[in-house]
Amino acid sequence: MELDYLLKEERLSGASLLILANKQDLKGALTPDEIAKVLNLENMDKTRHWKIVGCSAYTGEGLLEGFDWLVQDMMIP
């Protein structure tokens, strides 16, 4: 509910949303698809670009992929 409220703020209109799903190296961590369902991202405004990247801050896996996506997405007019 909080995420939905924040994303409806005018100053965040058109902002890309990157969610880094940390702790993917641990058993029982929610997958990016599970997180998308919990956050109801499929029903979000279709003009907003978003991505969930599974990552591990411990191993570094996924971090570069996430930030690369964000940079590329911000370059699209």
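1. Is Gln24 buried, partly exposed or exposed? Gln24 is partly exposed, because its relative accessible area is 27% and the class covers values between buried (under 20%) and exposed (over 50%), with a 1.4 Å probe and protein chains only.

2. The model is predicted: local features need pLDDT of at least 70 and side-chain atom pairs count only at pLDDT 80 or more, whereas totals for chains, interfaces and linings use all residues. Residues are numbered from 1 along each chain as its sequence is written, and side-chain values use heavy atoms, with hydrogens and water left out.

3. The protein chain holds 3 helices and 2 strands, in the order α-β-α-β-α from the N terminus. These elements are DSSP runs numbered from the N terminus, helices being H or I of at least four residues and strands E of at least two. Buried residues amount to 23% of the 77 residues. Of the contacts (heavy atoms within 4.5 Å) with a separation of 6 or more, 59% join residues 24 or more positions apart.

4. An unreviewed UniProt entry places a "binding site" at Asn22, Lys23, Gln24 and Asp25; UniProt positions follow the numbering used here, feature names are shortened, and annotations may be inferred rather than shown by experiment. Asn22 lies in the loop between strand 1 (17–21) and helix 2 (32–38), and Gln24 is in the loop between strand 1 and helix 2. Asn22 counts as partly exposed because its relative accessibility is 35%.

5. Leaving aside neighbours within four places in sequence, Asn22 is in contact with Cys55, Ser56 and Ala57. With that exclusion, the contacts of Gln24 are Ala29, Leu30, Thr31, Pro32, Gly54 and Cys55.

6. Ser56 belongs to the loop between strand 2 (50–54) and helix 3 (63–75). Ser56 counts as buried because its relative accessibility is 2%. Not counting residues up to four places away in sequence, Ser56 touches Asn22, Lys23, Asp25, Glu61 and Leu63. The side chain of Ser56 also reaches the backbone nitrogen of Thr59 at 3.1 Å.

7. On the lining of the largest pocket, helix 1 (residues 2–7) supplies the largest share, 3 residues. The lining comprises 7 nonpolar, 5 polar and 5 charged residues. Here Ala, Val, Leu, Ile, Met, Phe, Trp, Tyr, Cys and Pro count as nonpolar, Asp, Glu, Lys and Arg as charged, and the others, Gly among them, as polar. A pocket is an open set of points on a 1 Å grid over the protein atoms alone, where a 1.4 Å probe fits, with protein on both sides within 12 Å along at least five of seven lines; lining residues have an atom within 4 Å of a point.

Key: A polar contact is a pair of N or O atoms within 3.5 Å; within protein, one must be able to donate a hydrogen and the other to accept it, and residues adjacent in sequence count only if both atoms are side-chain atoms.
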